[in-house]
Amino acid sequence: MQGWIPNLERKLEIAAETAHPDFRCFFSAEPINGAPQAKIVPESILQTCIKISNEPPSDMRSNMRRAFAAFNQEMCSRPSTAAKQTAFKSILFGLCFYHSLLLGRKKFGTGIGSGAGSGLGFCRGYSFNMGDLTTCGDVLFNYLEANQAVPWDDLRYMFGEVFYGGHITDDMDRRCCITYLQVLIKPEIMPQGDAPPSLELAPGFKAPVPTDYASMKEYIEAALPAESPIMYGMHTNAELSLLTSQGETLFRTVIEVTGGGGASGASGGSSEAAVRTALEDYMARLPEPLNMVEIEARVKDKTPYVVVALQEAARMNTLLTEMRQSMEELLLGLGGSLNMSDKMEKLATGIATNTVPALWMAQVSTRYQEVFTLTLWYMDILKRYDQLNNWTAGSITTPNSVWLPGLFNPKAFLTAVMQTYARQHKLPLDVMKFRTDVTTKSVEQITEAAPVGCYIHGLCLEGARWDKEDGVLKESLPNQLHPALPVLQVVPVTIDEYSLQGYYSCPVYTNMQRANVYSPIVSNFTMKTDEPSHKWVLASVAVLLQDELA
């Protein structure tokens with residue numbers, strides 16, 4: 001598409017001069033999956049065209065009105081018996097509420113480049129539409145007519161796995177959508193004898209008595225509570241995350257539009273002078289690459305931990321070499337000794353706007369988008385270097401507690417924990433899993449290696465907090481978006497010993513953009529809980545390696 005659009009732009013320029021006065025060209029487009037803010041359409045087309053956007057509303061009330069309006073009294077009277085009509089109307093209302101939840105949840109973020117910049121709502125963006133809802137309504141009618149009793153499991157499967165689930169590509173998003181159905185589409189949504197439905201679709205919003213279509217439509221207007229994250233099963237802090245991300249996106253866009261000119265104000269000189277000053281500071285702090293020949297010469301046994309250390313050191317050296325070379329070239333370019341190339345211009349722009357240059361980011365990972373500013377990112381790289389420098393010193397002994405966010409490939413280290421245990425006990429790797437136990441210690445209190453597995457630190461929670469006294473997940477405290485976790489112990493176990501009874505399977509992501517197309521899930525940790533797991537699933541509770549709000 002990027003190669004074809006410039007040709008279209010030229011054809012439109014010719015048409016503007018030679019075409020019939022009534023000639024009009026219509027475009028329909030949707031954002032690229034995973035990169036909706038990609039700058040592909042030329043500015044000239046955007047400036048000259050009339051732009052119309054059609055998006056579903058983001059609030060629950062508007063979505064419920066729109067969803068329920070897709071049906072009518074005639075459809076509610078289609079089932080053959082009074083009992084089936086009651087079931088149809090009750091489940092249909094729950095289905096409309098489910099549809100509205102999925103659409104409204106998007107505003108809390110759908111991964112990278114979505115505007116909100118967070119994956120708290122969904123990890124990826126999905127095009128749920130009215131066709132999904134009406135088709136599910138037809139399926140509901142057919143299943144009720146074909147069965148004497150309501151087939152709850154079959155309905156949940158068809159709604160969550162086939163129709164709405166057909167859009168979903170991320171496992172955690174699928175888990176969230178199925179969990180919504182498990183708490184909404186169940187017998188309690190129907191009247192029990194003469195008693196009204198006992199199910200609360202949301203806090204303070206009970207399922208309506210299925211009388212007739214008009215009264216149920218009025219119930220939406222009269223009984224639906226005010227919009228809040230609690231409606232979606234999330235903590236009120238989700239609203240803060242949303243507003244923070246929107247504010248960051250706004251200011252980032254302003255910086256991009258202005259070309260980062262404001263960055264020069266701090267130095268009092270030109271933008272070029274500010275870039276040169278920052279460049280010299282970065283070069284002065286950049287360490288020398290690790291001596292891989294010397295490190296490998298000290299290796300006596302290539303254990304899984306040693307292999308991880310060598311791989312991390314090699315990747316660190318590649319990054320340091322690229323950073324030093326590119327900064328030296330830019331310094332020569334600013335001094336007039338070299339012509340400014342496109343690569344140099346992008347590096348200078350990154351330094352001027354305090355954003356991580358794509359050239360450097362590519363050496364860290366091509367799998368996720370950096371959310372740190374350049375200043376924080378540079379400090380993070382230096383901290384990573386210090387950990388690797390200490391790790392590869394002497395006999396290459398694994399630290400007592402590993403700073404997991406400081407690894408280029410944290411998944412490889414978690415695998416090494418299982419490999420080490422499997423070798424010691426002569427077990428095949430494919431029967432191994434691991435459990436994570438949250439300790440009560442800080443990293444300063446760790447004075448020796450873990451008796452089994454390994455200690456890790458530097459992680460934080462999003463969507464919940466860890467209660468040290470009770471040793472379980474608890475609801476977040478107000479205004480605490482990313483509370484830090486104590487040291488965790490990764491304990492390798494066999495599949496037979498692994499159980500999620502009393503635990504929440506908590507996804508681990510690199511940053512708050514979560515598992516978008518660039519960044520797969522790192523792992524799943526077991527977090528002890530005394531509440532049903534669905535509470536934490538709907539609240540989007542996850543462990544993050546990077547705390548960009550710190």
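The chain has 18 helices and 12 strands; helices (H or I, at least four residues) and strands (E, at least two) are DSSP runs, numbered from the N terminus. This is a predicted model, and its residues are numbered from 1 along each chain as the sequence is written. Local features need pLDDT of at least 70 and side-chain atom pairs count only at pLDDT 80 or more, while totals for chains, interfaces and linings use all residues; side-chain values use heavy atoms, with hydrogens and water left out.

User: What percentage of the 550 residues of the chain counts as buried?

Analyst: A residue is buried at under 20% relative accessible area, exposed at over 50% and partly exposed in between, using a 1.4 Å probe and protein chains only. The C-alpha atoms of the chain fill a box of roughly 80 × 80 × 40 Å along the principal axes. By this criterion, the buried share of the 550 residues is 47%.

User: Is the pair of Phe-68 and Tyr-213 stacked or edge-to-face?

Analyst: The structure holds 17 aromatic pairs, where rings of Phe, Tyr and Trp (its six-membered ring) pair if their centres lie within 6.5 Å, with planes under 30 degrees apart counted as stacked, over 60 as edge-to-face and the rest as tilted. Because the ring centres of Phe-68 and Tyr-213 are 4.8 Å apart and their planes stand at 5°, this pair is stacked.

User: How many residues apart in sequence are the parts that Phe-68 and Tyr-213 tie together?

Analyst: Both Phe-68 and Tyr-213 are buried, and they belong to one aromatic cluster that includes Phe-93, Phe-97, Phe-205 and Tyr-219. Since Phe-68 lies in helix α3 (residues 60-68) and Tyr-213 in helix α9 (residues 213-223), the sequence separation of the parts tied together is 145 residues.

User: Which residue lies over the face of Phe-122?

Analyst: Phe-122 is buried, with a relative accessible area of 1%, and Tyr-126, at 7%, also counts as buried. These two form an edge-to-face aromatic pair, 6.0 Å centre to centre with 80° between the planes. A charge sits over a ring if NZ of Lys or CZ of Arg is within 6 Å of the ring centre and within 35 degrees of the ring normal; at 5.9 Å from the ring centre of Phe-122, the residue over its face is Arg-105.

User: Within what arc do the buried residues of α9 fall, seen down its axis?

Analyst: Tyr-213, Met-216 and Ile-220 are buried in α9, and what covers the buried residues of this helix includes α3, α4 (73-76) and α5 (82-105), a contact meaning heavy atoms within 4.5 Å. On the face turned away from the buried side, α9 carries the exposed residues Glu-218 and Ala-222. The arc is that of the directions from the helix axis to the C-beta atoms, and the buried residues line one face of α9 because they fall within an arc of 70°.

User: How many of the 7 residues of strand β10 are buried?

Analyst: Both faces of β10 are covered, with Tyr-503, Ser-505, Pro-507 and Tyr-509 buried on one side and Tyr-504, Cys-506 and Val-508 buried on the other. Strand β10 (residues 503-509) is therefore largely enclosed by the rest of the structure, the buried count being 7 of the 7.

User: Which residue of β12 stands opposite Tyr-509?

Analyst: Two strands pair if DSSP finds at least two bridges between them. On these terms β10 pairs with strand β11 (residues 523-528) in the antiparallel sense over 6 bridges, and Cys-506 has Phe-525 of β11 as its bridge partner. Strand β12 (residues 542-544) runs parallel to β10, joined to it by 2 bridges, and the β12 residue opposite Tyr-509 is Leu-544.

User: Is Pro-520 buried or partly exposed?

Analyst: Pro-520 is found in the loop between β10 and β11, and its C-alpha lies 8.5 Å from that of Thr-510, a residue 10 places away in sequence. Because its relative accessibility is 33%, Pro-520 counts as partly exposed.

User: At what distance does the side chain of Asp-132 reach the backbone nitrogen of Asn-129?

Analyst: Asp-132 is found in helix α6 (residues 130-146) and is buried, with a relative accessible area of 10%. Not counting residues up to four places away in sequence, Asp-132 touches Ser-127, Phe-163, Tyr-164 and His-167. Its side chain reaches the backbone nitrogen of Asn-129 at 3.0 Å.

Conventions:
A polar contact is a pair of N or O atoms within 3.5 Å; within protein, one must be able to donate a hydrogen and the other to accept it, and residues adjacent in sequence count only if both atoms are side-chain atoms.
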